[in-house]
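Hi everyone, thanks for making time.

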Amino acid sequence: MAPRSTEPPHGAHTPLVDRFGRVHTDLRVSLTDRCNLRCTYCMPAEGLNWLPKAEVLGDDEVVRLVRIAVRRLGIRSLRLTGGEPLLRRGLPGLIARLTELGPEISLTTNGIGLARTAHDLKAAGLHRVNVSLDTLRPERYAAITRRDRIADVLAGLAAARAAGLAPVKVNAVPVRGVNDDEILDLVEFAAEHGYRMRFIESMPLDAQGAWDRSKMITADELLEILAQRWELHPVGRHGNAPAEEWRIAGTDTVVGVIASVTRPFCGGCDRVRLTADGQLRNCLFATEESDLRELLRGGADDARIEAAWRNTIARKGPGHDINSADFVQPDRPMSAIGG
Ligand code: SF4
């Protein structure tokens, strides 16, 4: 039995604050580094080794760390990521256990498994999903992801909407010469189906280290493209959310832009990440991690894990250095860190 120590009374936690005064309330938990796609901007076609199963946190371990995060550190929202989190066995059961702890839970997925799981995930307590979809063209989808699965994604999106996992957000990474001619089509597709479209600037987090800044479609370029067809009204940003939003005039269609590279939002960052193998990261681009799995498996009590967590946040830097000549890409790719 894992050691326990007394939890503070409900709501009596001390906030998880870093040295810049940023309060961390959002935890991203990667549930697996595995994926059933091989997107060209994320992974090589072959040869990326998955974590051995024994190194991946089990459900009890995930639940314990989330309990500490919620009850002791004030985490309020939980995003489940991967890899592809729907590949995690028994996911609805895990979500049901996490739901009991109280945070709002969302999930980022490639959508392939959603058609068969959306209903169960909603019943377990999941609030909403973000589905990655970079193109509407089947042959292009197959070229980008190296898998012919777009029909599954479209069915998954429809199932998520039908299950009430609202709002269903569609995430696309526009890349010059790859899918930048579909930006308007993607917005129209999302509006027509009641999804919320979001575009994300591509970031240097691929396993191959092949990110090319010149291929990135910047937020400014994207807004120019949208403005060719529609009048846009800025909605702004919800709290510390990464997306800035614009409403298309005369409609209730909202388009989000996550401009991590050209309009960094690190000053308001409230996010902390836990990898599938139990490493705590204070930033998406952190080059060091804290090994919570070792503490868990070594018998540490909750107070000790809480202290390690606070120390990790205390060491957090002001933000990423993508725009500096000194930028160092993290050793781990996005698929291992969790988005
Ligand atoms: S780059 Fe790091 S500090 Fe900036 S928003 Fe992302 S996680 Fe937060």
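Okay, so let's go to R72 and E306, whose side chains meet in a salt bridge, with N and O 2.6 Å apart. Keep in mind that this is a predicted model. Now, where in the chain do these two sit? R72 belongs to helix 1 and E306 to helix 9, which covers residues 302-314, and the two are 234 residues apart, so the pair links distant parts of the chain. Are they buried or exposed? Both R72 and E306 are buried. And in general, side chains of opposite charge can pair when their charged atoms come close.

E306 has another partner, by the way. Its side chain also forms a salt bridge with R310, at 3.1 Å from N to O. This time both residues lie in helix 9, four residues apart, which is about one turn of the helix. Why do we call E306 buried but R310 partly exposed? The cut-off for buried is under 20% relative accessible area. E306 comes out at 15%, so it counts as buried, while R310 is at 21%, so it counts as partly exposed.

In total, the model has 23 salt bridges.

Next, the ligand. Which residues surround it? The shell includes F265, C266, C269, R271, R273, K316 and H320. Split by class, that shell has six nonpolar, two polar and three charged residues. Let's pick out R271 from there: R271 makes a salt bridge with D270, and their closest N and O atoms are 3.2 Å apart. R271 counts as buried because its relative accessibility is 6%, and D270 counts as buried because its value is 10%.

Last stop, the nonpolar core. How many residues are in the largest one? There are 81, and the members touching the most others are L27, L98, L226 and W309. Helix 1, residues 59-73, gives the largest share of this core, with eight residues. Apart from that core there's another one, of eight residues, M203, M216, C283 and A286 among them.

Let's zoom in on L27. Leaving out residues up to four places away in sequence, L27 touches a list that includes V66, A69, I75, L78, V272, L274 and W309. R273 is on that list too, and R273 is also one of the residues around the ligand.

That's my tour, happy to go back to any part of it.

Conventions. Residues are numbered from 1 along each chain as its sequence is written. This is a predicted model: local features need pLDDT of at least 70, side-chain atom pairs count only at pLDDT 80 or more; totals for chains, interfaces and linings use all residues. Side-chain values use heavy atoms; hydrogens and water are left out. A nonpolar core is a set of buried Ala, Val, Leu, Ile, Met, Phe, Trp, Tyr and Cys residues joined through side-chain atoms within 4.5 Å. Buried means under 20% relative accessible area, exposed over 50%, partly exposed in between (1.4 Å probe, protein chains only). Contact means heavy atoms within 4.5 Å. A residue is near a molecule or strand if one of its heavy atoms lies within 4 Å of it. Ala, Val, Leu, Ile, Met, Phe, Trp, Tyr, Cys and Pro count as nonpolar, Asp, Glu, Lys and Arg as charged, and the others, Gly among them, as polar. A salt bridge is a side-chain nitrogen of Lys or Arg within 4 Å of a carboxyl oxygen of Asp or Glu.
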